[in-house]
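Hi everyone, thanks for making time this morning. I'd like to walk you through one structure, so let me put it up on the screen.

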Amino acid sequence: MNRKVSALGRMAALWLTGLLMAVPAWAGDGVIRNGALWPDDGVIRNGALWPDGDGVHVNAHGGGVLWHKGRYYWYGEYKSDSTSNALVGITCYSSKNLTDWRNEGVVLPVVTDDPTSDIARGCIMERPKVIYNVRTGKFVMWFHLELKGQGYSAARSGVAVADRPTGPFRYLRSERPNAGCLPTGWTAEDAARMDTLQAAHYAKWWTPGWRKAVAEGLFVKRDRAGGQMARDMQLFVDTDGRAYHIFASEENLTLHIAELSDDYLSHSGRYVRVAPGGQNEAPAVFRRGDTYWMITSGCTGWAPNEARMFSAPSIWGPWTQHPSPCVGPNAKKTFGAQSTYVLPVEGRDDLFIFMADRWRPEHPSDARYVWLPITFGPDGVPVVEWRESWSLDDFSGR
Ligand code: GAL
């Protein structure tokens, strides 16, 4: 795009919006306002729009943020006005301060001229996350992919790669992870027990026998040859540079934490299962000191539910469940939102931001964002307290 034209257009848009709204200029005070307009365009109004530098509501849902060389890159799903299917692709916005966002465009577009493509227009591309591989110098994106016309039955993971954080990303392939692999740490007895499970005996869900069979790997067995189902997902890079793909597997009953290869472009085959049968979705993982934390949601589609939380001394577990970290009005419904990412803020002491989506399935592009700072109780347990607005400046620099 012609930069000059775009800059002029932006100025005109800002001027017009300011005129129409007739409200005072935004102070640029770094305040994050949840449930209200959060502009860098000088306009504040009630409601929950979050304009980018062009005055347009940020369209990066189910997103995650990568910090790279002094800038934050926010990747997410471009949602259209009347469908949650992917008509456009994965977007990127960038910012230096987490409050003023520049639209970097569509970094992984859907394919419009080949209906047989995995990412043909009309497929479902959800919860993209991007990580940087220090060894290869590449930016690697994984996302949840559902093939066009197949509802949510494909349960695949897509992967794409780029030389720059703003793309373009080159789509590589999709797969169901860890075909042929058993969970790491399983003994020969565990494997033998799984082998005895006969799917025909467990056609009825939620019976005590079915629950036991799920815990023992009923669905791991079913999907062993073709790879494990993968829907809501997260990526996490540990301090040693190893990366993990965390996803809702086994019919959304059980989370898998799967190690990625050195180049982050495939799975190493090592994975663990978390909370078998617990129906966790929307996993957001972070590490504080030597403790790994994971905030998740339950499985109620686009409708909000109560967040869950787990901790572990290692990414490999054991994972222990805690009560929801949410506190305040509507905490039982995660403030009307669903987790998507936890962002460790660069240069701030101990500041992690809980990022969540307030979905709006009847008007998907109008879904809103809830970003809240995570505080830590005296016992080190995370607390996510509702705040109408807050400032990064409330948190001291490192
Ligand atoms: C949610 C999930 C979203 C989307 C939605 C579809 O539970 O977190 O990412 O898949 O279901 O109904």
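In this predicted model, four strands make an open sheet, ordered 14-15-16-17, and their pairing is antiparallel. Now look at the edges: strand 14 (281-288) and strand 17 (320-322) each have a single partner strand, so one side of each has no neighbour in the sheet. Going from one strand to the next, the twist averages 25 degrees.

Let's step inside that sheet. Strand 15, residues 291-297, and strand 16, residues 308-312, are paired antiparallel over five bridges. If you want a pair to find on screen, take tyrosine 292, whose bridge partner in strand 16 is alanine 312.

Next, the ligand. Which residues surround the ligand? They are Gly62, Glu126, Arg127, Asp232, Glu281, Ala282, Cys299, Gly301, Trp302 and Gln338. By class, that shell has four charged, three polar and three nonpolar residues. Strand 14 turns up again here: strand 14 and strand 6 (124-133) each supply at least two residues of the shell.

Finally, a closer look at strand 13. Strand 12, residues 254-260, runs antiparallel to strand 13 and is joined to it by five bridges. For a pair to click on, leucine 255 has valine 274 in strand 13 as its bridge partner.

Notes. Residues are numbered from 1 along each chain as its sequence is written. This is a predicted model: local features need pLDDT of at least 70, side-chain atom pairs count only at pLDDT 80 or more; totals for chains, interfaces and linings use all residues. Two strands pair if DSSP finds at least two bridges between them. Axes are lines fitted to C-alpha atoms, for helices over the stretch in contact, and angles run from 0 to 180 degrees between N-to-C directions. A residue is near a molecule or strand if its C-beta atom, placed from the backbone, lies within 6 Å of it. Ala, Val, Leu, Ile, Met, Phe, Trp, Tyr, Cys and Pro count as nonpolar, Asp, Glu, Lys and Arg as charged, and the others, Gly among them, as polar.
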